[in-house]
Amino acid sequence: MLAFTTAAVVAAAALVPSSSAWKILTVATIVPPSTGAGAARVVVSSGLRNLGNTCYLNAQLQCAFHIPLVRELVLTGGHCRSVECDGNNPTSSLEHQHQPRQENEALGNNNDVNDSGTTRIVAADTGSDDGVTDDPTTSEPQEQPKQTPPSPGLLALQQVFREMLQTASVSKDPHEPHRHDGPPVAPRVLAVALGIPVMEQQDSQEFWKLFLPALQLPALTQLYQGTMEDYIVALDGTNRQRRRPEQFLDLSLNVHADKPTVLTSLQFLFGKPELLSVAEGNGWRPEKGADKVDAHKGLSIRPQGLPPILQLHLKRFHYDWNRNVMEKLNNPVRFTRELDLSSLIVKDDNGDVGGEDDFNNENDDDADKKDGRLIYELQSVVVHVGEFGVGHYYAYVRPKIDEDVWYRFNDDIVTPVSFEEVVADATGGRVKLGGGGGENDPVIAASDSSKSNRKGTSLINQIRQFFSFPKSVESSSYGFGGSTSNAYVFQYVQRSAVPELYNHHHGRADKGTQKPH
């Protein structure tokens, strides 16, 4: 389990600027004149250094960094303070950090440039720190709204993202080779600010669920946060029910099923409800003193509960009660670039919730599918290679969501790859690729390798597996990471949110009109 130590967070609070110092906002705000409207650019990180055992952190940061709106929210602290918020290309202002220092110095006396070339917007000093200014049109002083200083974690993440931008490659064409301007970034300031022990192995999914709240940036958290409904409905015809909304930052999926896919695992989570039977001794008591009745218990989700960024966590680590050990399930889980959630969305409000009749309802989901709320595009995959207790994380990321160009971010090693290589490595087990699977699903066959790996769980065998990465997909029936590499977290983006997440435009007229890949 990951834990941010209180002492370290308190110590890192010294990073928080005072009310006077907070007048300096470290963000770039001028749109380069050479960048025209709609000229979206592709930013590719130069990688992140592993500080010891921080691969879990690096993988998640790469997934987040390559979504332009996430970068924007982090670097601006969640506030639209600059001209790019009204323009057609918000990311271009962030890429201003790649401009020569001389251009920045020509912006005027109120702009300062630090040693790293980052523009700092400095508020005019009125000589007063009491938050009150004089309005020339009235004799009464006007009280300025007080700004909440950013958390130590957010300040540290801003510094890491700024350095990642300064060393990243920026191109208009995602297909052209990316040349990085600097070395990989060491996220040490982030580890110090949050008290993260860099030599301790952590779970990538648990880290992200703790990390987002620690940033104290609601605008960012809301991008990942969805809402589902925990319900119990009586089956005695009285329509008595209990519904409780539950917010989530990710959805955890079982991988036990025979030849599971991401979609079938989701359908199992939100599918046929559990029967609470009086005859079996586990009936539901609707209220205190009432007799127990048969009821359905389950989870449901509605279109309005779907988040713009959907993280799906595969529960690969589980406890084997027969063998009395924790182990990793290397079962293959098939996935596609496009994920259609219309088969698991609940539409009606008549109380008949959660039964099989609520699914595969083709009469109600046309409008949602048309505007893209129910369609998700695969943006990144966090892969785990190894076994329980000994392993490594890295990420596959698609920097431009409407192009099928992928990169593998293995700490400080950045490699362009094909989607077929992503599939071979992230599915799990032996994978055979070819044209028979279709453009959206190149997997032809995947075999279950979980049983064959159980005998190789000794420390020596785990170390051998860890360092035996195949050199290419063609050289092995497994992917890059070998027999124990497989997806641990999938990150999808909602098609209707793509214009906002990727700054294609600020209107919603074209929402959901992109063609599936």
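Mentor: Buried means under 20% relative accessible area, exposed means over 50%, and partly exposed lies in between (1.4 Å probe, protein chains only). By that rule Arg495 is buried, and so is Glu377. This is a predicted model, in which local features need pLDDT of at least 70 and side-chain atom pairs count only at pLDDT 80 or more, while totals for chains, interfaces and linings use all residues. Residues are numbered from 1 along each chain as its sequence is written, and side-chain values use heavy atoms, with hydrogens and water left out.

Trainee: What makes Arg495 and Glu377 a salt bridge?

Mentor: A salt bridge is a side-chain nitrogen of Lys or Arg within 4 Å of a carboxyl oxygen of Asp or Glu. For Arg495 and Glu377 the N to O distance is 2.7 Å, so the pair meets the rule. Arg495 lies in the loop between β23 (485–494) and α15 (498–501) and Glu377 in strand β17, so the pair ties together parts that are 118 residues apart in sequence. Strands (E, at least two residues) and helices (H or I, at least four) are DSSP runs, numbered from the N terminus.

Trainee: What makes β9 and β11 edge strands?

Mentor: Four strands form an open antiparallel sheet in the order β9-β8-β12-β11. β9 (241–248) and β11 (274–276) each have a single partner strand, so one side of each is left without a neighbour in the sheet.

Trainee: Why is Ser277 called buried, and which residues is Ser277 in contact with, leaving aside neighbours within four places in sequence?

Mentor: Ser277 has 9% relative accessibility, so Ser277 counts as buried. Contact means heavy atoms within 4.5 Å. Beyond those neighbours, Ser277 is in contact with Asn282, Gly283 and Asp294.

Definitions and conventions. Two strands pair if DSSP finds at least two bridges between them.
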